[in-house]
Amino acid sequence: MRNRLLITFLLLLLCAGAVTVALKSYDNVNNRLETAREIQTEREEALAVTSTPTPEPTEAPEPTATPEPADPAVPVLTLSAETIEIAAGTNFSVISPVTDITDDKDDRSYLFRRIRVSGDYSTQTPGQYTLQYTVTDSDGNQSVPKTLTLTVK
C-alpha cells in the first residue's frame, strides 16, 4: 500500500512538472509573438515615406501608364514607387514596395509568394541600390521586370 501511494505521489509530481513546463513554453511563445508584432509595427513605421514638396511644373507632364503585356496571361506587378529612401540602420522589407499583382488565372496571395527580387543592398551602408522585381505565375509566365532604386542615407 505504501509503495502505491509513493508511486501515485511521484506520478502526480511528474504530471505537475510537465504542465508547468508546457505553460512556461506557451508563455514564451506568446512573448515571442508579441515581440515579433512590435518589430513588424516598427518596420512599417520606419518604411512610411514622407513626401517632400516639389515645385509644380509649369506644364503638367502626361502620366506614364504601365505598359500592359502583349499577352494577357502574363502577370502584372506594380510597385508603389520607383525610388525609396530610408535612413541607414532602419529595417526594410523588400516586399513592402509591391502594391499589386494581377494575373488572368492566379490570385494575389499565390502571386505574392512567387515574387523574386534580385540585387544586393545593405540597410547599414549608405548608398544607392538597384533591386529588380519579377513574379512568375503557375503557368510559368513571368512579369515584365520592375526596377526599384533603394537609397540608404
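Trainee: What relative accessible area does Asp139 have?

Mentor: Heads up, this is a predicted model: local features need pLDDT of at least 70, side-chain atom pairs count only at pLDDT 80 or more, and totals for chains, interfaces and linings use all residues. Residues are numbered from 1 along each chain as its sequence is written, and side-chain values use heavy atoms, leaving out hydrogens and water. Buried means under 20% relative accessible area, exposed means over 50%, and partly exposed is in between (1.4 Å probe, protein chains only). Asp139 is partly exposed, with a relative accessible area of 44%.

Trainee: Which side chain meets Asp139 in a salt bridge?

Mentor: Side chains of opposite charge can pair when their charged atoms come close. A salt bridge here is a side-chain nitrogen of Lys or Arg within 4 Å of a carboxyl oxygen of Asp or Glu. Asp139 has such a partner at 3.0 Å, N to O, and that partner is Lys105.

Trainee: How many residues apart in sequence are the parts that Lys105 and Asp139 tie together?

Mentor: Strands (E, at least two residues) and helices (H or I, at least four) are DSSP runs, numbered from the N terminus. Lys105 is exposed at 54% relative accessibility. Lys105 sits in the loop between E3 and H2, while Asp139 is in the loop between E5 and E6, so the parts they tie together are apart in sequence by 34 residues.

Trainee: Asp103 is buried yet has no salt bridge; which side chain of opposite charge is nearest?

Mentor: For charge, Lys and Arg count as positive, Asp and Glu as negative, and His and the chain ends are left out. Asp103 is in the loop between strand E3 (98–102) and helix H2 (108–112). The nearest opposite charge is 7.4 Å away, on Lys105.

Trainee: Then which backbone nitrogens does the Asp103 side chain reach?

Mentor: A polar contact is a pair of N or O atoms within 3.5 Å; within protein, one must be able to donate a hydrogen and the other to accept it, and residues adjacent in sequence count only if both atoms are side-chain atoms. One nitrogen, at 3.2 Å, belongs to Lys105. The other lies 3.0 Å from a polar side-chain atom of Asp103 and belongs to Asp106.

Trainee: Which residues are on the covered face of E2?

Mentor: In a regular strand the side chains alternate between the two faces of the sheet. The uncovered face of E2 has Thr83 and Glu85, and the covered one has Ile84 and Ile86.

Trainee: Which residue forms a salt bridge with Glu85?

Mentor: Glu85 is partly exposed, with a relative accessible area of 48%. Its partner, in the segment after E6, is 68 residues away in sequence. The closest N and O atoms are 3.7 Å apart, and the partner is Lys153.

Trainee: What is the relative accessible area of Val152?

Mentor: Val152 is in strand E6 (residues 146–152). Contact means heavy atoms within 4.5 Å, and beyond four places in sequence Val152 touches several residues, including Ile86, Ala87 and Tyr129. Val152 is buried, at 3%.
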